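Student: Could we go through this structure together? I would like to begin with single residues and then turn to the chains.

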Amino acid sequence: MRYSALAILRQVLNGHRGWGPAWRDPEPQSDYDFIVIGGGGHGLATAYYLAKEHNAARVAVLEKGWIGGGNVGRNTTIIRANYLLDGNQPFYELSLKLWENLEQDLNYNAMVSQRGILNLCHTDSQRDAYRRRGNAMMFTDSGAELLDTDGVRAMYPFLNFDDARFPILGGLLHRRGGTARHDGVAWGYARAADQRGVDIIQNCEVTGFRIENGKVLGVETTRGYIGAKKVGVAVAGSSGRVMAHAGLRLPIESHVLQAFVSEGLKPVLDGVITYGAGHFYISQSDKGGLVFGGDIDGYNTYAQRGNLPVVEDVVEGGMSLMPMIGRTRLLRMWGGVMDMSMDGSPFIDHTGVDGLYFNGGWCYGGFKATPASGFCFAHLMATDRPHEVATAYRLDRFRTGRMIDERGAGAQPNLH
Amino acid sequence: MIINHPLLGPRDASEFTYLGDAALIERPDWQSETAQDEFHDYVYLRDNPAGTHRELWFHEQGDRSWLVVTRNTMTHEILATELARDVARKMGRGK
Ligand SMILES: Cc1cc2nc3c(=O)[nH]c(=O)nc-3n(C[C@H](O)[C@H](O)[C@H](O)COP(=O)(O)OP(=O)(O)OC[C@H]3O[C@@H](n4cnc5c(N)ncnc54)[C@H](O)[C@@H]3O)c2cc1C
């Protein structure tokens, strides 16, 4: 069924009894042309673009739990294209363009909202760095404006401008950035992929690969063996565990990032603000909750929960930037396991095993990448060549010295 | 998380900074024929296990010693703590 105003009207008239499930619940077939492991945003988008852009007919997504139960349903929903380095910025600009047309393309309300992102600066050197970044963003027409203190004050008069340690000197404004409804994105891609014939198979954990003579033949799962000509892995925080089944060690550590939501408030914050100096960022959801977060906890973990010191740190950051949040109550908090890479940038690449492809290393920033990641991973799997905006995301880049270290922090995942 | 420091007793993990897998103690021999490959693997690749993990923590806000902490990455339970110095000595490294 196509969703439209007319469809809603029709359903109103018949008491909403005609809405069918948004996707089928098929049994796995014995084999497919393409298997995508992981029913997060990236896996579902990959399957969708395989079907749509490459006319792939026999595609399955295998998800160990339920789709949208991983990081795609746990993140703080910020989408943006405000990177500095060549290897990254054109990729994220493609992603932003896909976001801008996503809902029309998928016929699904993913609540994409380009409400603008403001990165605050507090020192002269930080302002210089943002000026440089803004210039890099303009190479790809992504849009960047440098604001001074008055410019920031006009937008958000309630911020703490005169903090002794981190006075607000201005900010880099990226108007095309914003937020989207996180699990809505998973559902939208799932429904659109399903309509193009993709089998979305939930409760199906991949437990191994069948590899012969350096070529992948299929995957072992909790629902039996499934053959495949090509297999793509997009399992985010589980990357190390899944790729170990194929004998690969990765330049990745799994870490937890926590997120926080306050009780619902009337509209107080219409954009996204990041406060890098205080390790804090915040936006307000359409339901009214303040959505915020900060640093990763900083140690290897697969537990989807963090510890209290980071909670304290994040809340302190919030209080120092936006003292009024001290009046609101915290409603929920949770953690998600992320695939932190050695340079803070992702991978979309071959693996050395014929027919086996890897997508991962998205760190705390893979939600915004969802459309382009799916688009480029589908391109790689279908054509065996990297998409032109994803050529830098190679697994061997540390060997060849071509790392993409936006932060300049080196091979220390908890610093990116 | 509470880390049971071998010299100072139980300390809050927030007093420590985290470096990563304790395999980093085993720095490869720079003179070996295959040093380039070994250093690539040493610096950039990780086992990243789900379960028991031996890892390096630095007691930055305390006595500034390095510890090897054995911890379960599924539950955050800490199973053992040793001075990294002792671990390195047992491996025949250091003085
Ligand atoms: C708290 C938090 C806040 C974040 N905020 C932002 C943000 O504001 N902006 C942004 O851009 N990014 C953000 N991120 C990062 C972003 O959420 C992730 O990078 C991105 O969602 C990862 O891709 P994914 O959606 O495919 O992952 P996931 O949704 O985690 O999908 C991976 C799927 O693989 C499945 N899987 C794992 N192992 C197997 C197996 N063996 N067999 C079958 N399936 C398997 C999992 O069950 C999971 O559903 C945040 C992350 C967290 C945790």
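**Residues, chains and their interface**

Tutor: In this predicted model, A:His387 is buried, with a relative accessible area of 12%.

Student: Where is A:His387 placed in chain A?

Tutor: A:His387 sits in the loop between H10 and helix H11 (397-400) of chain A.

Student: And which residues does A:His387 touch?

Tutor: Not counting residues up to four places away in sequence, A:His387 touches A:Leu94, A:Phe375, A:Cys376 and A:His379.

Student: Let us take A:Ile201. Is A:Ile201 buried or exposed?

Tutor: A:Ile201 counts as buried, because its relative accessibility is 0% and the cut-off for a buried residue is under 20%. A:Ile201 belongs to strand E8 of chain A, residues 199-201.

Student: What does A:Ile201 touch?

Tutor: Leaving aside residues up to four places away in sequence, A:Ile201 touches A:Pro26, A:Pro28, A:Tyr32, A:Ala60, A:Val61, A:Leu62, A:Glu63 and A:Arg223.

Student: A:Arg223 is in that list. How far apart are A:Ile201 and A:Arg223 in sequence and in space?

Tutor: A:Ile201 and A:Arg223 are 22 residues apart in sequence, and their C-alpha atoms are 9.7 Å apart in space.

Student: Now backbone angles. What is the phi of A:Asn55?

Tutor: The phi of A:Asn55 is positive, about 50°, although A:Asn55 is not a glycine. A:Asn55 lies in the loop between helix H2 (41-54) and strand E2 (59-62) of chain A.

Student: Buried or exposed, that A:Asn55?

Tutor: A:Asn55 is exposed, since its relative accessible area is 67% and exposed means over 50%.

Student: What about A:Cys363: what is its phi?

Tutor: A:Cys363 is a residue other than glycine with a positive phi, near 55°. The loop that holds A:Cys363 runs between strand E18 (356-360) and helix H10 (370-383) of chain A. A:Cys363 counts as buried, at 6% relative accessibility.

Student: Moving to chain B. How many helices and strands has chain B?

Tutor: Chain B has 2 helices and 6 strands. Along the sequence, they follow the pattern β-β-β-α-β-β-β-α.

Student: What box do the C-alpha atoms of chain B fill, and what share of its residues is buried?

Tutor: Taken along the principal axes, the box is roughly 45 × 30 × 20 Å. Of the 95 residues in chain B, 44% are buried.

Student: What is the accessible surface of chain B?

Tutor: The accessible surface of chain B is about 5400 Å², and 49% of this belongs to carbon and sulfur atoms.

Student: And the contacts in chain B between residues at least 6 apart: what share joins residues at least 24 apart?

Tutor: That share is 47%.

Student: Last topic, the interface. How many residues of chain A and chain B are in contact?

Tutor: On the chain A side 25 residues are in contact with 25 residues of chain B. The two chains bury about 2300 Å² between them, with 48% of it on carbon and sulfur atoms.

Student: Which residues of chain A lose the most area to chain B?

Tutor: These are A:Arg249, A:Asn300 and A:Arg399, which together give 28% of what that side buries.

Student: How many salt bridges are there between chain A and chain B?

Tutor: The count is 4 salt bridges. One pairs the side chains of B:Asp41 and A:Arg399, at 3.9 Å from N to O.

How values were computed. Residues numbered from 1 in each chain as written. Chains lettered and ligands numbered in written order. Predicted model: local features only at pLDDT ≥ 70, side-chain atom pairs only at ≥ 80, totals over all residues. Heavy atoms only, no water. Helix = DSSP H or I, 4+ residues; strand = E, 2+ residues; numbered from the N terminus. Buried < 20%, exposed > 50% of the residue type's maximum accessible area, 1.4 Å probe, protein only. Contact = heavy atoms within 4.5 Å. Areas by Shrake-Rupley, 256 points an atom, 1.4 Å probe, with all protein chains shown as cover. Buried area = accessible area lost by both parts, 1.4 Å probe.
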